[in-house]
Amino acid sequence: LMHDDNGMPLPGASAGGVGGGIWDFRNSSAREYLAKEVAGYFARSGNADGVFFDEGDSFACHYDCKRHNTCKVMPSADEWHAGAIEGWVLVAEEMARVGKHAVISSQNSFNASTPYLEKTPHGCPKSEDYAFD
């Protein structure tokens, strides 16, 4: 999970408003856990043929190191966002491997459609095209 410049966990929220942290997608272990354990749980389940993942990249698209007190540990969100996109690709592959669907909502857009609905004032560090490079 992400920590600020003082070593404190960055707060996040999960389903139902339950407190949580922000995954550090710069680490391959976080991406692999997301795919194998989180998406893998649904892939192994007989009760779901797909899962909706909501805005897994919004942290990067609205990132401001001063607001999060992370300018030393993560001055920009470029590497984090690249890791997040790579993680969501792994999720889609994990689900597809067993004939199931990962529906991934994003704050992002493809280069040809940027900025997407002007949801972010400066755009996201990486475009959706990054997933296909």
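Which strands and helices each supply at least two residues of the lining of the largest pocket? I found strand 1 (11-13), strand 3 (50-53), helix 2 (58-61), helix 3 (65-68) and helix 4. Helices (H or I, at least four residues) and strands (E, at least two) are DSSP runs, numbered from the N terminus.

I noted the ground rules. This is a predicted model, where local features need pLDDT of at least 70 and side-chain atom pairs count only at pLDDT 80 or more, while totals for chains, interfaces and linings use all residues. Residues are numbered from 1 along each chain as its sequence is written, and side-chain values use heavy atoms, with hydrogens and water left out.

I looked up the volume of the largest pocket and got about 690 Å³. A pocket is an open set of points on a 1 Å grid where a 1.4 Å probe fits, with protein on both sides within 12 Å along at least five of seven lines; lining residues have an atom within 4 Å of a point. Of its 22 lining residues, A13, G21, D54, E55 and G56 are the closest to the centre. By class, I read eleven nonpolar, seven polar and four charged residues in this lining.

I then turned to the second largest pocket, which holds about 270 Å³ of space. Its lining has 13 residues, with I85, W88, I104, E128 and A131 nearest the centre. Helix 4 gives the largest share of that lining, four residues.

Last, I checked how helix 4 packs. Helix 1 (residues 28-44) and helix 4 (residues 78-96) meet at an angle of about 30 degrees, with axes 9 Å apart. The contact (heavy atoms within 4.5 Å) includes L34 and F42 of helix 1 and W88 and L90 of helix 4. I counted this contact by class as nine nonpolar, three polar and four charged residues.

Terms used:
Axes are lines fitted to C-alpha atoms, for helices over the stretch in contact, and angles run from 0 to 180 degrees between N-to-C directions. Ala, Val, Leu, Ile, Met, Phe, Trp, Tyr, Cys and Pro count as nonpolar, Asp, Glu, Lys and Arg as charged, and the others, Gly among them, as polar. Grid points are joined across faces, edges and corners, and a volume is the space filled by probe spheres set on the points.
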